[in-house]
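Please take a moment to look over the structure shown below, and then follow the paragraphs that lead through it step by step.

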Amino acid sequence: MSGSKTIKGKFQRVYIDAEFKSLKHFFRKADYSSIIILTDSNTERLCLPDFISVCKLKNYLSVSIPPGEQSKCLATAEKLWEQMMPIADRNSVLVNLGGGMITDIGGFVASVFKRGIDFIHVPTTLLSMVDASIGGKTAVDFANHKNQLGTFAQPKAVFISDGWLNTLPAEQLLSAKAEMAKQAMLAGTKEWQKFILNFDNEHNISDQICQAVEFKIKIADKDLVEKSVRKQLNFGHTIGHALESFCLQKSKPVPHGFAIAAGMICELNLSENYYGLKANPFGEQLEFLNEKFPKINFNEKEIDEITSFIANDKKNNHGKIKPVLIKRIGKPEWDAEVKIEMIADSLKKYIDAYAK
Ligand SMILES: NC(=O)c1ccc[n+]([C@@H]2O[C@H](COP(=O)([O-])OP(=O)(O)OC[C@H]3O[C@@H](n4cnc5c(N)ncnc54)[C@H](O)[C@@H]3O)[C@@H](O)[C@H]2O)c1
């Protein structure tokens, strides 16, 4: 993609622009009483200096928190509110400069401070560009569970520049691409083909980001608060989350996206089985996911342990397990109930394919 692109949804405006023209314009036009910039210590070091110089900011408060999911909690939010109190009023803006941890907690902090102040997202990881900063979900973790407290609140704008990705570790880039693979599979055959064609081409990452953002905005526009179509974004996550928790329990944590890639493989197998589909309908997708993403290691004896995470998942509605199933590429379903034995079968199939 050359130049810049603006994606306008019903609720959100996203600027994809490596030269930050729209970001500069935003601050030139803005008339905020104070500007607070939230970073973690990595983005404070790697991104804040460029951000300040690009936006030509002189008066601002910079607040930084330790990196990592453990910072996404109420205690951190409370400290941030304490730091904001002396300088922020209802006409202040919070700038969330960082990955999904920062955009989640920053969005939450801003959305409840003095009943809600403006905030913008400047995502600096691939995952936050294509997923966390889009769609207006904010969150902190609570009582050892992810995203238990949060709001639906929209940033004034999201400013994406792929330039930030130069310092991002390769493993994190690949992990985020699993979520992009999910979005492409949900979007349709044309989008999937485009996605796999560009997968290894880092020169047009901005096009790939654009495709992902457009899809997520379209879904959020239809169902902002996840009562129907937005549920499809959980594809790969029922089994993927169970694998992630299982690996964590074994003290062998895996990047989120790698667990989701394995979850998608299992849920494609599950879909084929559930609908009784013929002739290996997802062969291309299974081969691609198998080839591009590292495997998750577990054996047959551990399948019960993995399925117990699913059986006990608090997200189950009245004890019913409803993973997202795929009838065909671009045609997901989210209301079908499956038995835990079918999930176990799909995990067994994953092991069999992996052992080959
Ligand atoms: N709200 C949503 O819809 C939504 C969707 C998906 C994920 N999430 C949330 O997003 C979070 C995960 O996001 P993430 O993967 O971006 O993690 P993250 O924000 O923890 O960032 C990962 C690491 O990369 C570092 N980092 C950030 N930018 C960098 C850069 N440009 N160069 C080098 N290092 C950099 C961070 O300091 C951190 O150490 C989770 O909390 C998840 O729940 C939210």
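This is a predicted model: local features need pLDDT of at least 70, side-chain atom pairs count only at pLDDT 80 or more; totals for chains, interfaces and linings use all residues.

Where the two domains touch, 23 residues of domain 1 and 17 residues of domain 2 take part in the contact. On the side of domain 1 that touches domain 2, strand E1 (5-8), strand E2 (13-16) and helix H6 each supply at least two residues, and the largest share, 5 residues, comes from H6. Sorted by class, this side of domain 1 has 14 nonpolar, 5 polar and 4 charged residues.

In total, 29 residues surround the ligand, and the closest are Asn42, Gly99, Gly100, Met101 and Thr125. By class, this shell has 9 nonpolar, 13 polar and 7 charged residues.

A further place to look is a pair of helices. Two packed helices are described by the angle between their axes and the distance between those axes. For helix H7 (residues 170-187) and helix H8 (residues 189-198), the axes come within 6 Å and cross at roughly 150°; because angles over 145 degrees count as roughly antiparallel, H7 and H8 are therefore roughly antiparallel to each other. Met180, Ala181, Ala184, Met185 and Ala187 of H7 make the contact with Glu191, Trp192 and Phe195 of H8, and by class this contact has 7 nonpolar, no polar and 1 charged residues.

Methods. Residues are numbered from 1 along each chain as its sequence is written. A residue is near a molecule or strand if its C-beta atom, placed from the backbone, lies within 6 Å of it. Ala, Val, Leu, Ile, Met, Phe, Trp, Tyr, Cys and Pro count as nonpolar, Asp, Glu, Lys and Arg as charged, and the others, Gly among them, as polar. Two residues are in contact if their C-beta atoms, placed from the backbone, lie within 7 Å. Helices (H or I, at least four residues) and strands (E, at least two) are DSSP runs, numbered from the N terminus. Axes are lines fitted to C-alpha atoms, for helices over the stretch in contact, and angles run from 0 to 180 degrees between N-to-C directions. Angles under 35 degrees count as roughly parallel, over 145 as roughly antiparallel, 65 to 115 as roughly perpendicular and the rest as oblique.
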